[in-house]
Amino acid sequence: MDKTKELENCNSVRAFLMLCIVLYHSMALYSVGGWSPFSPAEDAPYLGIIAEWLNSFHIYAFTLVSGYVFYYMRIEKGRYADYLPFVANKAKRLLVPYVFMCTIWVAPVYCYFYGTAGVVSKFVLGVNPGQLWYLLMLFWVFVLFWTISKFADKHPFVGTVIVCLFYFAGWLLFKVDVIPNLYMFKTALMYVLFFYIGFLLRKYKWDWLYRIPSVIYLAVDLALFATNQLISDYSGLFWSAMRFGVSALLHIVGAVMAFVILQRISEHCGRSKAISFFSKHSMAIYLVHQQLIYFSIGWFNGVIPPLALALVNFAFSLGISSLFACLMSKTRVTRFLIGSK
């Protein structure tokens, strides 16, 4: 695919990935371990499996797209030349919406459903702040990767070694679990790898990625997903190493698969009015959608069948969050508060 067209399609790809995230949360009630303040009134393991599969690639692909665009801005266009102004810009785009949304929406709704226990840890220290974890993680990824970006562009093999060491360090910190995941820093160490993959996808013209049929991407990804599910309960050093490798490969393949397939889809319907709307408002929709699903689950769980509940969750959260996005786009101040341009 032409690089100019590929770059133009990235906004549409982000829109599709945002819809995947909303769909994932709409069914996550039925995943292993549960999700939301409620337990499912009826079991629907097929919805749980679909949710877990979506979760294996959507955020990783989102991060990949950010790395792709970063290469274009930093290397090709010469933007982001000075570190401190770059960090300040990312703080404005990511940390301001984090504080704003925590204060007016995410933390209050959490207290409504769960009580006040853990509020400081989750939101003030950023250990597990709902969907806002992505903002903290991406901020750290930008801060970390900028420092090695020029070097990694000139020495991609060494850059690959560095980001793989980041990934392993993050994984190891989670395993040792001596300190909490403050402000999602440990998570960010692992996500630098996916950001770098996007960086390389922009750097190189890897046409062979587009010669692989979509059905092959899906088959390989689903095989890795099934393998990851099958070995998840085995204990011991060998199986721990296997899970580390298979999980990393699953997320890498899934992110690249999503990028390539959604690029293809964007070629056909990426200019539609609906996708253009979601491209413009994907961040604002992401910021509010999860807690809306809590409310719809509370109202309809056990009242309607699981599949219908998932569809209602999706439609309700997407509709209300789209309205929120439109309202917040009206003034410069409200756009600033949600990180929009």
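Begin with helices α2 and α10 of this predicted model: select residues 45–55 for α2 and residues 214–230 for α10. The two axes approach to within 11 Å and cross at roughly 110 degrees; α2 and α10 are therefore roughly perpendicular to each other. Viewed as a crossing, the pair is right-handed.

Next, display the side chains where these helices touch. From α2, select Ile49, Glu52 and Trp53. Their partners in α10 are Leu218, Asp221, Leu222, Phe225 and Gln229. Sorted by class, this contact of α2 with α10 comprises 5 nonpolar, 1 polar and 2 charged residues.

Now turn to the cysteines. A disulfide is a covalent bond between the sulfur atoms of two cysteines. How many disulfides does the model contain? With a pair of sulfur atoms required to lie within 2.5 Å, the count is 0 disulfides.

Is Cys102 buried or exposed? Cys102 has a relative accessibility of 7% and so counts as buried.

Finally, select Cys269 and Cys20. The cysteine sulfur closest to that of Cys269 belongs to Cys20, and the 12 Å between the two sulfurs is likewise too far for a bond.

Terms used. Residues are numbered from 1 along each chain as its sequence is written. This is a predicted model: local features need pLDDT of at least 70, side-chain atom pairs count only at pLDDT 80 or more; totals for chains, interfaces and linings use all residues. Side-chain values use heavy atoms; hydrogens and water are left out. Axes are lines fitted to C-alpha atoms, for helices over the stretch in contact, and angles run from 0 to 180 degrees between N-to-C directions. Helices (H or I, at least four residues) and strands (E, at least two) are DSSP runs, numbered from the N terminus. Angles under 35 degrees count as roughly parallel, over 145 as roughly antiparallel, 65 to 115 as roughly perpendicular and the rest as oblique. A crossing is left-handed if the near helix is turned anticlockwise from the far one by less than a right angle, and right-handed if clockwise. Contact means heavy atoms within 4.5 Å. Ala, Val, Leu, Ile, Met, Phe, Trp, Tyr, Cys and Pro count as nonpolar, Asp, Glu, Lys and Arg as charged, and the others, Gly among them, as polar. Buried means under 20% relative accessible area, exposed over 50%, partly exposed in between (1.4 Å probe, protein chains only).
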